Amino acid sequence: MGKIILTGDRPTGRLHLGHFVGSLRRRVELQNSGEFEKIFIMIADAQALTDNFDNPEKVRQNIIEVALDYLSCGLDPEKSTIFIQSQVAELCELAFYYMNLVTVQRLQRNPTVKTEIQLRGFSENTAEGDTTQRQGIPVGFFTYPISQASDITAFRATTVPAGADQEPMIEQAREIVHKFNSTYGETLVEPSILLPTNSACMRLPGTDGKAKMSKSLGNCIYLSDTPKEVKQKVMSMYTDPDHLRIEDPGKVEGNCVFTYLDAFCRDEHFEKYLPDYKNLDEMKDHYRRGGLGDVKCKKLLIAVLE
């Protein structure tokens, strides 16, 4: 059997640079590599309803937004099958059967689930009158690792391109495959994750320096942002808080501007946009010594992103 890719996104809003470096850019490369027999890219609208159940129209509109972002990045319907999750009813049926193979305790230990619950403000023990958290965790949201395993295995996917934050989800899918196959015979294919090759892309931080770029945190740069919006967001980006004057030595570690330059910048960008330096390493050395201002670094990043 040839190698098969299954990947996708929940249509909870427009896609951002975290999606791009985490998987979108890689998907286009893999699509054009000729290495894979089939590539399936899913718009996971059913999963999006787990925390947007009161606003289905928003999910419907976001399906279009995500599809446009896919096409703008270079995903080609002639080479990749782009489909909507809810249009394949068998995926929900398979997830129902998989629920018997996973315990509640195992789902509670999934690091990705715990993180996403916190990001979305769900709480099992919300105090009366507390409006800062949403009461209770919907069962559909809590069990979405099982739904994801259904999506992957239904298409016999061998490879799932994703960011590092999705590793616990793929591990849970593998556990389901093992349990199903040991119970019913060798039927399902065990998937593996394909992580970004650039270490800066493993988990792109938000513009505020938080650990993850997230729509719910409002720290995203969207693929569909205008040049003006990109400029505003980069100019307000978190840098080194101790780099108060241009002559002060600065830190590049944990500095969002340099993390983004690591993810996107190439040597040829310097020749075009900032010929003062041959490459990013030279620029980093100058910043560490002092004498290089944040505004100059941000202007380079704006040019590179555009």
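Author: What follows is a set of questions about labels, each answered by setting a value against a definition. The model is predicted, so local features need pLDDT of at least 70 and side-chain atom pairs count only at pLDDT 80 or more, while totals for chains, interfaces and linings use all residues. Residues are numbered from 1 along each chain as its sequence is written, and side-chain values use heavy atoms, with hydrogens and water left out.

Reader: What makes α11 a helix that is largely enclosed by the rest of the structure?

Author: Helices here are DSSP runs of H or I with at least four residues, strands are runs of E with at least two, and both are numbered from the N terminus. A residue is buried under 20% relative accessible area, exposed over 50% and partly exposed in between, using a 1.4 Å probe and protein chains only. In α11, 8 of the 9 residues are buried, so the helix is largely enclosed by the rest of the structure. The buried residues are C256, V257, F258, T259, Y260, L261, A263 and F264, and they pack against α1 (17-31), α12 (267-273), α13 and α14.

Reader: How is the packing of α11 and α14 described?

Author: Two packed helices are described by the angle between their axes and the distance between the axes. The axes are lines fitted to C-alpha atoms, for helices over the stretch in contact, and the angle runs from 0 to 180 degrees between N-to-C directions. For helix α11 (residues 256-264) and helix α14 (residues 294-305), the angle is about 35° and the axes are 10 Å apart. The contact (heavy atoms within 4.5 Å) is made by V257, F258, Y260, L261 and F264 of α11 and by C297, K298, L300, L301, V304 and L305 of α14.

Reader: What classes of residue make up the contact of α11 with α14?

Author: That contact has 10 nonpolar, no polar and 1 charged residues.

Reader: Why is the pair of R106 and E175 called a salt bridge?

Author: The term requires a side-chain nitrogen of Lys or Arg within 4 Å of a carboxyl oxygen of Asp or Glu. In R106 and E175 the closest N and O atoms are 2.8 Å apart, and the pair forms a salt bridge. This pair links distant parts of the chain, with R106 in helix α5 (residues 104-108) and E175 in helix α9 (residues 167-184), 69 residues apart. R106 counts as buried at 14% relative accessibility, whereas E175, at 31%, is partly exposed.

Reader: Which residue forms a salt bridge with K284, and how many salt bridges does the rule give?

Author: K284 pairs with D262, the closest N and O atoms being 2.9 Å apart, and the two lie 22 residues apart, K284 in helix α13 (residues 280-289) and D262 in helix α11. K284 is buried, with a relative accessible area of 12%, while D262 is partly exposed at 32%. The count comes to 17 salt bridges, and R14, D225 and K233 are linked in a network of them.

Reader: What makes I221 buried rather than exposed?

Author: At 2% relative accessibility, I221 counts as buried. I221 is found in the loop between β7 and α10, and, not counting residues up to four places away in sequence, touches H16, L17, T207, M213, V230, K233, V234, M237, Y260 and L305.

Notes. Nonpolar A, V, L, I, M, F, W, Y, C, P; charged D, E, K, R; others polar.
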